[in-house]
Amino acid sequence: MLQVDHVSRRFGERQALDDVSFGVGSGRITGFVGANGAGKTTAMRIILGVLTPDSGSVTVDGRPIDADDRHSIGYMPEERGLYPKMKVAEQVAYLGMLHGMSKKAAEDSTARLLDRLAIAERSNDAVETLSLGNQQRAQIAAALVHEPTALVLDEPFSGLDPIGVETVLSVLRDAAAGGAPVLFSSHQLDVVERLCDDLVIIADGQVRAAGSRDDLRAEHGGDSWRLSAPGDLSWVASAAGVTGVEAEGDGVLFHADYPTAQEVVRRAVEAGPVTSFGPQHPSLAQIFAEVVK
Amino acid sequence: MTARSVPSAAWLVARREVTMRLRSKAFLVSTGILLLAVLAGIVIGGIVSATASDPTVAAVGTAQAAADRATGLEVRHVDSVAEARVLVKKGTVDAAIVPSTKTPLGYEVIADSSPPESVIAQLSVTPPVTLLDPPSQNGLLTYLVALGFGLVFFVSSITFGSTIAQSVIEEKQTRVVEILMTAIPVRALLAGKVLGNSILAFAQIAAIALLTVGGLLATGQTSVIGLIGPALIWFVVFFAFGFILLAALFSAAASLVSRQEDAAAVTTPLTMLVMVPYLLVILFNDNALVLGIMSYVPFSAPVGMPMRIFLGTAEWWEPILSLVILLISTLLVIILGARIYSNSLLRMGGRVKLKDALAR
């Protein structure tokens with residue numbers, strides 16, 4: 001369990017992080033969502049120890065994070081790159097060795113990763129001769145070479161070709177399945193929605209919402225309902241206590257509290273057959289728009 | 001897996017710096033050219049000094065006595081004026097001394113295209129001269145040694161200073177730096193870069209020193225080795241530490257910018273700084289006061305102190321004191337440089353203000 005506790009950080013006049021707290025559970029994939037400049041990169045850099053917080057702390061399983069913990073994190077910074085003139089395998093192995101691996105272990109791990117990423121045949125080519133997609137795959141190898149037991153990935157999908165995206169997805173899932181805490185940020189809300197167990201939404205340096213994806217959906221979609229029936233449903237708009245009615249397909253979406261919604265269903269059943277009824281979950285994009293308002 | 005210690009991480013970084021540099025053709029070619037230039041200087045010096053032996057003259061008849069009297073002449077006795085003229089024309093001798101009734105001296109000098117100054121000097125009577133403050137070293141040699149120390153210091157500092165600046169900016173520009181910073185402490189990264197480039201610079205200087213000594217031995221200029229040997233050894237020692245200081249300055253300055261195009265803006269003041277000792281030693285290699293100050297100021301000590309040792313004007317303890325001053329300043333600069341470096345590495349885009357880089 002990776003925990004960020006009351007972390008604040010200021011750059012000159014700008015408060016980049018303001019009393020930020022959230023946890024990344026072991027074995028859970030946590031999506032970190034926010035607009036540009038919201039504080040995601042700063043928070044990740046503080047977890048990795050590249051930046052120091054003005055106040056607050058980062059803990060691992062309840063104790064302060066130390067150098068060894070940080071070394072076991074696989075980190076992909078938002079602004080990333082490799083030495084253009086170094087050979088791919090040589091470079092990935094070098095980064096593994098910097099992380100503390102022996103030469104042999106680093107080379108073995110590099111060979112395995114490049115193979116998995118399907119760029120093994122480019123091992124001895126300089127990075128600058130690779131296509132952008134292949135450079136990104138080399139970048140993934142660089143983040144994973146030291147066999148991390150936790151992942152912190154800043155915009156891991158940006159700039160990746162579709163195969164790269166699938167690889168990162170499978171890596172994230174494998175890591176979480178193995179019990180590692182996984183934190184990643186992305187602008188692609190649909191990807192986040194599909195992948196993550198937990199969510200942290202940040203805006204202007206403050207955490208606006210945090211928790212499991214399903215809880216957040218329930219919390220933010222508590223009074224939305226969807227009712228489908230082949231018959232006429234235009235009467236729903238004029239029912240007492242019902243607001244925001246929208247026609248959608250063969251049914252309607254509407255807002256109402258729980259007893260009112262039950263009343264609506266009863267009337268619908270009396271009027272004719274009902275094909276479906278249930279709470280309407282908002283999409284992540286809707287939740288995001290609502291909490292950062 | 002545990003984190004690497006700072007020295008072990010720094011050593012890995014240093015090794016990468018050295019390997020990548022040795023793989024660069026531009027580096028190998030420029031080093032080759034520098035070494036060839038040094039070798040050429042020694043060989044040309046050797047040829048010039050070898051031909052500076054006593055001039056040979058052909059002497060005929062009654063003029064032979066005058067030629068034999070002069071001390072610095074290689075005299076060849078020939079039978080006729082015609083024969084002497086042929087030898088002069090062929091260049092076998094520098095001049096001929098032949099009998100003449102036209103002058104009270106009783107002989108005249110025949111030369112090819114210009115009056116043979118060295119021969120005339122030997123035949124002339126000069127008054128004895130007493131110097132109150134005789135120079136301890138020959139003036140031309142002093143100038144050449146000053147030029148040599150100054151130039152080698154200047155060229156090596158600029159070459160490796162810009163190399164380390166480029167290497168720092170490359171890591172920022174390619175954005176690899178953040179990955180490096182999460183793998184090892186920033187001070188290990190800085191130490192490794194300074195160490196790697198200092199090893200290269202030191203190896204180059206040592207190669208030049210060895211080549212100089214070897215070249216002088218091979219061309220038989222052994223007396224010169226005795227004259228410049230101690231100064232040369234001190235130069236190498238001073239340069240080793242002086243370069244570490246410069247390398248720390250260059251890397252701190254380079255970390256302020258994020259693009260190679262902006263490198264010149266931050267390294268120019270440092271380039272000026274290393275140009276100063278070079279100019280001073282050439283202009284003031286006979287000025288005791290200027291050399292005295294130079295030999296203690298950390299930037300110019302690698303040139304100033306060896307120069308004074310060569311001239312024999314430094315007491316035995318002076319190079320040691322100067323070296324201690326240099327070591328302390330190097331240490332301070334490294335601490336300051338590390339601060340600027342670690343504060344600037346993640347600031348991409350425009351140039352970081354020095355004030356901001358020193359804060360926190």
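1. Two residues count as in contact here if their C-beta atoms, placed from the backbone, lie within 7 Å. The model under discussion is predicted. By that contact criterion, Val291(A) touches Ile201(A), Arg208(A) and Ala209(A), leaving aside residues up to four places away in sequence.

2. Val291(A) belongs to helix α10 of chain A, which covers residues 284–291. Arg208(A), one of the residues touched by Val291(A), is 83 residues apart from Val291(A) along the chain, yet their C-alpha atoms are separated by 6.1 Å.

3. Is Val291(A) buried, exposed or partly exposed? Val291(A) has 17 other C-beta atoms within 10 Å and is therefore partly exposed, because a buried residue needs 20 or more and an exposed one has 12 or fewer.

4. Helix α5 of chain A runs over residues 132–144. At 1.5 Å a residue its 13 residues should span 18 Å, and the end C-alpha atoms are 19 Å apart, so the two values agree.

5. α5(A) is mostly covered, with 10 of its 13 residues buried. The buried residues are Gln135(A), Gln136(A), Arg137(A), Ala138(A), Gln139(A), Ile140(A), Ala141(A), Ala142(A), Ala143(A) and Leu144(A).

6. Which elements cover the buried residues of α5(A)? From chain A they include β6 (73–76), α3 (88–98), α4 (103–116) and α6 (162–177). Chain B also takes part, through α7 (177–183).

7. Chain B is divided into domain 1 (7–43 + 136–358) and domain 2 (56–115). The C-alpha centres of these two domains of chain B lie 55 Å apart.

How values were computed: Residues are numbered from 1 along each chain as its sequence is written. Chains are lettered from A and ligands numbered from 1 in the order in which they are written. This is a predicted model: local features need pLDDT of at least 70, side-chain atom pairs count only at pLDDT 80 or more; totals for chains, interfaces and linings use all residues. Helices (H or I, at least four residues) and strands (E, at least two) are DSSP runs, numbered from the N terminus. The expected span of a helix is 1.5 Å times one less than its number of residues. Domain bounds come from an automatic or database domain assignment.
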